[in-house]
Each structure stands twice: as C-alpha cells, then as structure tokens.
Amino acid sequence: MLRKCLFIISIALLFASCNSAFRSSHTSVQLSTPVAEYLSQQNLLIHNNQPKLVTRQPKIYAHPYDSSYYLQYRKLTGTSVILEVSDTTGKMRNIAIPQTKLKAFPVALTTTVTPVIAVGFLANRNPHSRYNNWDALALVAIGVLNFSTDALTIPLVYLVNKHQPYAVPRSFSLSDLSTVETVDTFQKEKLYTITAPVNPHVTPYLNAEFQKTFPVFLNASAGYGLVERAFSQSPEPRLGESPWYSFELQIQPSNNFRWGMHHTRNQPTDFQCNTTTLQMAYVYHSLPGSTLSVGLGAGLGSFKRKSAPDLSDTSKLYFNRKLGADSIILIKREFIPNLQYFFPPIAGFIQYENQLTQAVSLTLDFRITRIESHIDYATTQNLKTREVIAPGITSERIQNIGFKQIESYKSKNTLYQFNIGLKIRLNP
Amino acid sequence: MKTPYKLGLIALLLLTISSCDWWFKEDYRFKILQILQNNQSNRVYNKTVVSYGGYNYNSVYVRDTQTFYRNIQSGDTAQILMENMYTVNLYALDTVQFDIELTDSQQFNTKFTRTYIRNPYQTLNDFVETIRF
C-alpha cells in the first residue's frame, strides 16, 4: 500500500505538480552596452536583503540573436533583490532590482485529473441505474485521493522550488550608467538609500511596483439560440429555438490572452440545457476603440427534457412470427420527463467588444456549442385480439405482454447562439 | 489512521449505504377489466360468475367465486374489475373464468365463457376486454 501511494505521489510530482517545478531556474535583467561593459569589470553579487541572507553570483552574457546584454542569476525569492557592485578600490553601489511574482493556473491533480474524471463519470451516468450512488462514492474517493496527494506534493514542490515563481519583469532594464556606478563607502546615505524602481509604463497587467495585476470582468449577455441536430434515427423531437442567457467571469492576465468561466442556459421550453465551460481566448486589438476575441472552451453541460409527445406504433410480428388478421401488437412509448443527463460540451466563439466607458463595454458574440440531447420512453407492448363469440357478439381483448422497458435515445446537436451583452470590469 | 478520519470515512460509507436500494421489489399484478356494451334495443339482464382458484396461506388449494347481477340499459356499458384476488386472497392463481349469461325480455338469450390466463413469466398481467352484443 505504501509503495502504491509513493508511486501515485511520484507521478503527481512528475506530471501534475504545481507550476513551480516547470519554470526556469534563472532570470535576467537587460543591460545597455555601457552598463554591461562597466559591470563586467566589477565584482557583482545579488542578495535578498533579508536577515537570513541568501546570495547569488550573477553573470553577464550577450544574447546571441539580438546582440543585447543580460545580467543573469539563479532565481531568488522576493519582490525586489539587491545587486551589490564593488570594485577593486573598495567603492560600492547597491541597486534594487524588481521581481514579479508569477501566477498561473495551478497545475495539480485536483485541478486537472479530478475534473476530467468527474466529467467522464457524469457523462456516462445512467439516470435509470440503481448504482449511481456507488459511482458517486467512487468519484468522492478519487477526489479525496487526488486532494490528499496534492496536499502532500504541492507544499513539497513549493519547498523545493520556492525561488522559481519570482522573475525580473522584461520591461525593467539597467540602461543608465550613473545608476550602477560605484560610490565611496563613506557616502553612507547614497550607499544605503536604495530607491525602489518604478515601472514607467504601467499597464493593466503590470502595476507601478512591477507586480502583475489581472483585470477581472463580468460579462452578462442574452440572445437567441438555434439548434441543429446531426443526422439521427432517434424518434426524439428536434430542439426548438429559444432565448439563451449567459454569464462569464473573465480574467485577462496579458494584453492578448484571456481566460474565463462561461455559463449559459436556455429559457426552459420543452427542454432545459445548460453548459459551464472553461474557455481561453486570443484578443485582437487592431480595431480602434474595440477588440475582437476568438476562443475555445470545454466543460460540463446538463440536459433535461421536460415534455415530449408519447408515441404509439403497431406491429404484426410477435417474436418474429406473423400474427393473424384478428391480432395486432400495440406498442406504446410513454415519455419519461425530467431525467437529467450530463455531457462534455465543446464551444467556439467570436466576441466583438466596444468600450463604452472605462469599466463598461458592449459585447456582441456568436457562439457555436456542441451539445447532446436525450429522450427516454417507457415502452409497453399489448396484444390486441378480436374474436366473434357468437353471431352478433364480439370481443376485443387487450393484454400486456412482456415487461415495461426503458428506451433511451441520444442525439448530437450544434447550438448557434447570437448574444448581446454588457461587460463590467470588477476590479479597479 | 487518526480517529476523526476513521469516523468521517465510516459516516460517509454509512450515508452511501443507507441511500442505496438493496433489492428490487417487484409488483405482481393480475388485473382484469371486462366491459360489456349493450348494443341491443332493449335492456339486457346480465349474470356473471367469476371463478378462480389458487393456494391460500395454509397451502390449501381453494376455489372462490363471485357473482354479479346487472341490468344494462340499451347503449350503456357495465364493468367488472378484478384486481386484488392475486395479492390479497390467493397465490399461484393462474386462471380466471367469467361465465356470462345475457338475457332480455324478448328473444335475446345467450351464455358463454371467457377465460383469462396469467403469464407467469411476466410480473404484470393486465387484461382489458370489451364485449359488444
């Protein structure tokens, strides 16, 4: 048992650990040519300026492609580190280098494997089955196992790679020679008063302290949805067009990249469908005052049919034998309402966004989603026989044959949605 | 393993087990609905004797009869519904026989028998028979 647990933990460490394990172990500061030439002749040391001092030995290298110089060092924890420059004459200089704490989707078993297994379980769940509770128990057990593994591996990975999330922002560079030139050690104030660097190009994604910020948006939209069914021999009625409503929480970590959690549901008619997808989008800024984003999403959806007509049919065959003229089989399919099915939807979308104010935008989007529809019938068969008992006296007898059976049909559909909505920025 | 974890797991297991169906309770049913429809121009007198047999709870084969007397107006119908003889009174009841006698005040007079046989390989046996005369 211990060996199995160790195996799972090793796999988690290797393949589904948190991001720190996959990040580069080095970071670098861009230097201008005079600064690079000057620093190459000095003694350099980088430290974290903390009571528990951790130092790094930097080195200067020329980039082979863009002919610029970089000061590279092994990563060190902290939102700013100190570059200590000293020369042979005993002069020194301390320069603050800002560092950004990197953030990303936490790659772990709980955030990758567990949702995939959960979607798989739910998509294969049969609402007629009497064993759904055991499936749910198995799912809970897998969730607990994955969470426990993460609870062990994530702190371990962070402990081993605790410096990895910190990196020097690309927009920061040392270009002015006067900022790095050494000073006499008796100039205590100049030596030990280190000005924190300020980001001259503040963007919505990097603040004045060179720390990452994420604009968060809430997009609410409404529109109309048309459903096209793929070729199917299922007797189920087609899904009609209906109003659809959507909500989306978007996070934009960079200028061209956006991800979000999107939820859409239709106004219940004879069916009720909703999908929740995790989606990523590429944002184009080439249009003046507006943006265009194109993206894909995948997640979990549910479908419930609320009403459908019952069906009836007749047959002259009974266990592959042709019945006589006085007999016929009546087949009755009784619709079973409100059975909930789950499925993994895939969505693609194009969204046009026109900024109305600094925090509010108007959105128009066209979305295509692959959804599933289901229908269930309780089918009964009756044998109907006619008989002449005596002249003028007739009998018509109906008796049920066999057992009541459940017939389930599934169809694949494409949902086309046209939405108009408002997008509000939630954080300042 | 620590006691709170053990108790938590036991509670989860008990919760799951208690919510499960452990067996499937089948409903056995043998139900007969007979409808007599009078298409004669006169009122018809009907006597129907329903007879059936099976084993009681002392494992003794017994036979039971019920007799119905009705006057069916012209264009009207009469019904006999037999549905609880299987589950309440007898088991291993496979055959039910309806001996029907129809007479009116004039020349119409007939007797015939209708038999309903339960299929033991299916749990539900529902018969609906409409006799027109």
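**View 1.** Helix 4 of chain A has Asn146(A), Thr149(A), Asp150(A), Thr153(A), Ile154(A) and Val157(A) as buried residues. A residue is called buried if 20 or more other C-beta atoms lie within 10 Å of its own, exposed if 12 or fewer do, and partly exposed in between, with C-beta atoms placed from the backbone. The model is predicted, and local features are therefore reported at pLDDT of at least 70 and side-chain atom pairs at pLDDT 80 or more, whereas totals for chains, interfaces and linings use all residues. Residues are numbered from 1 along each chain as its sequence is written, while chains are lettered from A and ligands numbered from 1 in the order in which they are written. Helices (H or I, at least four residues) and strands (E, at least two) are DSSP runs, numbered from the N terminus. Leu156(A) also belongs to helix 4, which covers residues 132–160, but it counts as partly exposed because it has 16 C-beta neighbours inside 10 Å. From Leu156(A) to Cys18(A) the C-alpha distance is 9.9 Å, although 138 residues separate them in sequence. The 29 residues of helix 4 of chain A should span 42 Å at 1.5 Å a residue, and the 41 Å between its end C-alpha atoms agrees with this; the expected span is 1.5 Å times one less than the number of residues.

**View 2.** Chain A is divided into domain 1 (23–103 + 167–192) and domain 2 (216–425). These bounds come from an automatic or database domain assignment. Between the C-alpha centres of domain 1 and domain 2 of chain A there are 60 Å.

**View 3.** An open sheet of chain A has four strands in the order 4-5-1-10, and its pairing is mixed. Strand 4 (59–62) and strand 10 (173–174) of chain A are the edge strands, each pairing on one side only; two strands pair if DSSP finds at least two bridges between them. Strand 4 of chain A and strand 5 (residues 69–74) of chain A run antiparallel and are joined by four bridges. Within this pairing, Tyr61(A) has Tyr70(A) of strand 5 as its bridge partner.

**View 4.** Two asparagines of chain A, Asn49(A) and Asn320(A), have positive phi values. Most residues other than glycine have a negative phi. Phi of Asn49(A) is near 60°, and this residue lies in the loop between strand 2 (43–47) and strand 3 (55–56) of chain A. Asn49(A) counts as partly exposed because 15 other C-beta atoms lie within 10 Å. For Asn320(A) phi is about 65°, and its place is the loop between strand 17 (317–318) and strand 18 (321–322) of chain A. Asn320(A) has 5 C-beta neighbours inside 10 Å and so counts as exposed.

**View 5.** An open antiparallel sheet of chain B has four strands in the order 3-2-5-6. Strand 3 (61–72) and strand 6 of chain B stand at the edges with a single partner strand each, so one side of each has no neighbour in the sheet. Neighbouring strands of this sheet are turned by 15° against each other on average, direction ignored; axes are lines fitted to C-alpha atoms, for helices over the stretch in contact, and angles run from 0 to 180 degrees between N-to-C directions. Strand 2 (residues 44–55) and strand 5 (residues 95–104) of chain B run antiparallel and share nine bridges, and Tyr45(B) is paired there with Thr103(B) of strand 5.

**View 6.** The contact between the chains involves 18 residues of chain B and 16 residues of chain A. Two residues are in contact if their C-beta atoms, placed from the backbone, lie within 7 Å. Strand 6 (109–117) and strand 7 (124–132) of chain B each supply at least two residues of the side that touches chain A, and the largest share, nine residues, comes from strand 7. This side of chain B holds seven nonpolar, seven polar and four charged residues; Ala, Val, Leu, Ile, Met, Phe, Trp, Tyr, Cys and Pro count as nonpolar, Asp, Glu, Lys and Arg as charged, and the others, Gly among them, as polar. Six bridges join strand 7 of chain B to strand 23 (residues 393–425) of chain A, and the two run antiparallel. Among the bridge partners in strand 7 of chain B are Val128(B) for Ile398(A) and Ile131(B) for Ser395(A).
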